[in-house]
Amino acid sequence: MRKISLLLGLIVLLIGQLAAQDHVVKGTITDANGAPIAGASVTIKGSNRGTSTATDGTFSISVPNSAKTLIISAVNYDPVQVNAAGRSTVGAVSLKLAGQSLNEVVVVAYGTQKKVNVTGAIVTVGGAQIADKPFASVDNTLQGAAPGLQVSAPNGIPGSAVDIRIRGIGTITGDASPLWVIDGNAATTGDQAQSSTSTNALSGINPDDIESISILKDAAATSLYGSRGANGVILVTTKRGKQGKTRINFNTEVGRNSVGFSNKNNHPMTTPEYHSEFQTAIHNYDPTLSAADIEAFITDPNNGYGLPANWASTNTDWLHDVTRTGNQQQYNLSMTGGNEKTQWFASGGYFNQDGTTIATNFKRYNGNINITSKLNEKITFSAGIQGSYSNQIAPPGSAAYASPVSGAFFLPPFYSPYNPDGSLRYGDNDSLGEFPQGSQFNPLAIAQYNRYTDAQTQFRGFVSGEYQIIPNLKFTSRYSSEYLDYNEYVYWNPIYGDGYPLGYGDASNTKIYGWTWTNQLNYKVNLNKEKDFYLDLLAATEAYEKSTFVLNAQGNQFPATTLLTYLASAASPIGAYTLPSASSLISYFSNAALNYKDRYVVTGSFRRDGASIWALGHQWGNFYSVGGTWNINEEEFMSTLPVFSLLKLRASYGTQGNSAGFGNYTSIASYGYGSAYRGNAGSTPTNVGNPKLTWETNKEFNVGLDWGLLKNRISGTIEYYKRTTDGLVLNVPLSPTSGFASQNQNVGSIYNQGIEFSITGKPVVTRDFTWTSSFNITHNKNRVTKLYNHTPVSQQTRFEVTEGHDVREFYTRLWANANPANGNPQWYTDATKKTITSSSSQVSLSLTGKSASPKFYGAWTNTFTYKGFSLEAQLYYNFGNYIYSTWENYLESDGLYLGNTGQLSNSLRGWKKPGDVTPVPAQIAGGNMNSNVPSTRYLYSGNYIRLRDVQLDYSIPKSAISKANITNITVYLRGTNLLTFATDKYLAFDPEIGASSIGDFQVFMPKTISAGVKLGF
C-alpha cells in the first residue's frame, strides 16, 4: 500500500513539474500605423512576471504552460489581452491610442497629468485628427472638435485667420480670442498685417507637425496663465522623436477648390431678370408709359440712365467670372528615430492652395527639427526649431472698387469684361470704358494689373533642460521664442482703377519677436507607505516679452506701364513711418494637487502677474483657482454596478484676467510727434491715459460629470459653467474741456453661462466591422450686466451694447414688410412694435432681440471601419444667430440704384398688386420712400448644417507590402464643405462668416475634393 501511495505521489509531482514548465512566447508590438512601440509592458496575467519591448517593438518572455493570457500596455495606448496558451508567438499586436481611458496622459498647463487627476475642463485633440486636412492653418482644423469651442472662418481667403471663441465672448473692447501656447511660448495669433486683407500668424505652422492640442476651458485649467487666461487657452505640442529604428512617413494630397455655397433663391440678377425689374420699376414710377416708352426711357441719356440701345443683348455672369475651381496640393515628409538616450524628429512640407476667387492664393514651405537627449540619469536636454516661408495673395475686400467679390454683385450683367476683340475692357477713371459711372472696376483687369501680396517668414523654437535633483524633485528650465516677419506690398497700376492716373504703391514690413522663459520646480510628496496618497507641487517663475516694429512707405507717380511695379519706380514719395512697440510680463505661480488613490483629487493654483501695459500701482494682479474631482467608479460600492466603467464628478472655481487687445500704452498719457506746426515739427496730445487702468477679471464656476458605460463602449461628458467678467475696459466720455473725447476705464461687467454635452459610442462592434459615433453640443447665454452710467455703448455700425442684453445684439430699424395695400415700405417706429409707419424719419433705431452669436453649435461625427476600409463623416451645425448683409440695401434698393448697380434676384419678389404679402416693397425707379435704409429687412437667420468633412481610407494589408520594407500604405479620398444646408431661403452668401456675423463681400468659403496617399517606412 505504501508503494502504491509513493508511486501516486511521484506521478502527481511529475505532473505538477510538467505543468510548471515554461515555454517562450515572442511577438511584436506596434501602433495603429504599424510603427513599433518601444518600452511597451508585457506581463503574464495573474503574476508579477513581465518584460518590455525593444526599440524595434519585439519582445520575448518565458511563460508557464499553465498561463493563458498576456497583458500588453504602453503609455497613451489602451491595454490589450492576448491569448498565449500553447503558443510560441503572438505575431504583431497593434495597440490603439487611448480614448476615454483614465490612464491616458494629457497635456495641461505647464506639464502633463493623468486624466484621472484632471479637475478642470480640458479636451484633447490628437494630431491624427488634424493631420492631412486641406486647410492652411491649424486653427481651421478645430471646428467641431470639442464642445464649448466655436470656430468660424470670416472669409475663404487661403491662409487667413479664423475666429475662435471658448465659452462665449467675455469682453467688449478687448480681444475675445483664446491664448495660444506653442511648445511653452505664448504665441502671436490673428491678423498682424498692416495692409493685407487677412493674414494669420498661425498659418506658418504645418498641422502635420502637431502631436496634440489641449483646449483649456475653465478656471482650474486656465488660472495658471493668470492675466492672459480669461478667454481660454489652447496648448499646442509639436511632435517629438520616438525611440526605435528610423521611421519615415510621407504623405501627399492633391485636390480642387470651388465655391462652397450658393443660393438659387437670391443671386445676382441676369440681364433678362434685370430687364424685367427695370420695366416694372419704371412702370410703377409712371403707369402711363407704354412698353415702347419704357424702353426709350431706359436708354434716354437725359434721365440719368442713358444705357446703350443694345444693352439687353449682353448677359455677363460676373459671379462666374470672378470665381474659379482652383488647385490645391500638399506634400509632407517626416523622419524620427533614436535610442534609449536620444530621440530626434525632422520634417518638411509644402502647401499650395488657390482661393475660390481670382487673385487669391496661399503657398507655404516649412521645416521642423527637434531632439531630446538624456545626458545621464539626472539631466535631460531638448531643443527644437520650426520655420516657414509663405506667400499670400489676397485682393481687397468689402465694397472696395477693386474687390472681385463686390464686383460680382455690384456690376450690372449688361456690361461685359471684354472688348469685341477679346481684350480686357477698361478705361480711365472718368469714363471707365463703358462701365457705369462710379461703379466697380472690371475685376478681371484689376486682378491682372494690380498686386496684393504678403510674404511671411516665421521661426518658432525652444530649448529645455530638466534636472532630477532627487527622485521626487525635478527642476525644469525652458526658453521658447518666436520671430515673425511680414513683407506686404500693394500696387495699383496707373492705367486703370484706384491708381489711375498716377499709380500707387504701399510697402510695409512688420517684425514681431516674442520670448517666454519659464523656470519651475516639481515635487512629489508621498504621504503613506503605499504611495497612493501623495501631493504634487509646482512652483515657478516666468518672464515674457514681445516687441513689434513696423516700417511703412508709400509713393505714387509710377510710369505708365504695368511692368514697373516696385516702390522704387514711384517718382513721388507720399509718406513713410516707423513704429516700435513692446510689452512685458513677469509672473510667479504655484500649483498643488492632493491625490488619494486616484479616487479623490483636490487642486489649487495661485499666480501673481506684473504687466507693463497697465498703470503704475495697478500692474500687479493675483489669480487663483480651486478644483476637485471624485472618481466615483473607484468606490467599493460601485462594484455592484459593473455597468459603469467611468463615473467622475468635477468642480472648480477661480479667476483669470484679460489683457489682450487694448494696446501696449493705453494707460499712459502720451503725445504724438510729427504733426505740422507752421511748417515745423510739432506734437499733439494723443491719449489721455488712466492712472488706475488694469486688466479685466473673470470669476468662473464649472461643474462636470464624465461617464462611461460597458467598458467605455458608451462615454460622455456634461458640464455647466458660469463665467462673470468684471472691470471691462470701456471708453467713458469726458468733458470737452479736457481736450479728449473719452478715456478707457474699468467700468463694465458681463457674464456667459452655458451647458456642454458630448457623447461617444460604438453602436456596432464585430470582428471586421465597427461603427463609432460622436456627438457634441454647446449652449451659451451672454448678458451685459453693468455699463458706465447704465449708458449703452455703440459697437461698429450694427450693434449696441446694452445692460440686460447680449453683447452682440443687432441694433437697427425694425422692418414691418411692405404695405399689402400699396407696396410702400413699413417699419415699426420703436422696439414696442405698437406703431407702424411708412416714413423712415419717424423710425428709431432699436435693439432687435437677435444676436450675432449662436445659441447652439456642435458636431456629429461617424466613423465606420471594415477590414482595411474606414469612412468618416462629420456634420457641423450652428443655430440661433443672425447675419446682417451690409451692402444689400444697395443690391435690393427697390429701384434706387437700377441702371448703375447690379441687383439681387430677391427684388423680383417685390410688391406688384394690392393684396400681395411680401417683405419686398414695390420697385420704383428712383427708389421707394427710402425703403432701402438699413433695417432688419437685411437681417437673416444664420442657422446652417454643413457636411464639414468626409474621408474614405483604405489601408493596404501589411502582408502585401512587408517585403518592400514598407510598414503602411493608406490611400484616401476626402471632401470638405461638400454640402451646406442654410435654413434661410434667401441668404445670398455663405452662412459661415466669422464671429461678427456681418456679410461684407467676403471671399467665398471653399468646397474641396482631394485625394491622397500616406506611406510609412
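The structure is a predicted model, in which local features need pLDDT of at least 70 and side-chain atom pairs count only at pLDDT 80 or more, while totals for chains, interfaces and linings use all residues. Residues are numbered from 1 along each chain as its sequence is written, and side-chain values use heavy atoms, with hydrogens and water left out.

**Cavities**

Rolling a probe the size of a water molecule over the atoms shows where empty space is left. A cavity is a set of points, on a 1 Å grid over the protein atoms alone, where a 1.4 Å probe fits but cannot get out, and its lining residues have an atom within 4 Å of a point. A volume is the space filled by probe spheres set on the points, which are joined across faces, edges and corners. The whole structure holds nine cavities of 30 Å³ or more.

**Aromatic pairs**

Rings of Phe, Tyr and Trp (its six-membered ring) pair if their centres lie within 6.5 Å, and planes under 30 degrees apart count as stacked, over 60 as edge-to-face and the rest as tilted.

| Pair | Centre to centre | Angle between planes | Type |
|---|---|---|---|
| Phe410 and Phe1001 | 5.4 Å | 70 degrees | edge-to-face |
| Phe623 and Trp695 | 5.5 Å | 55 degrees | tilted |

Helices (H or I, at least four residues) and strands (E, at least two) are DSSP runs, numbered from the N terminus. Phe410 lies in helix H7, whereas Phe1001 lies in the loop between strand E50 (998-999) and strand E51 (1006-1016), so their pair ties together parts that are 591 residues apart in sequence. Buried means under 20% relative accessible area, exposed over 50%, and partly exposed in between (1.4 Å probe, protein chains only). Phe410 counts as buried at 9% relative accessibility, and Phe1001 counts as buried at 11%. Phe623 and Trp695 are both buried as well. Ring pairs also link Phe409, Phe410, Trp887, Tyr890, Tyr897 and Phe1001 into a cluster.

Methods
On a 1 Å grid over the protein atoms alone, a cavity is a set of points where a 1.4 Å probe fits but cannot get out, and a pocket is an open set with protein on both sides within 12 Å along at least five of seven lines; lining residues have an atom within 4 Å of a point.
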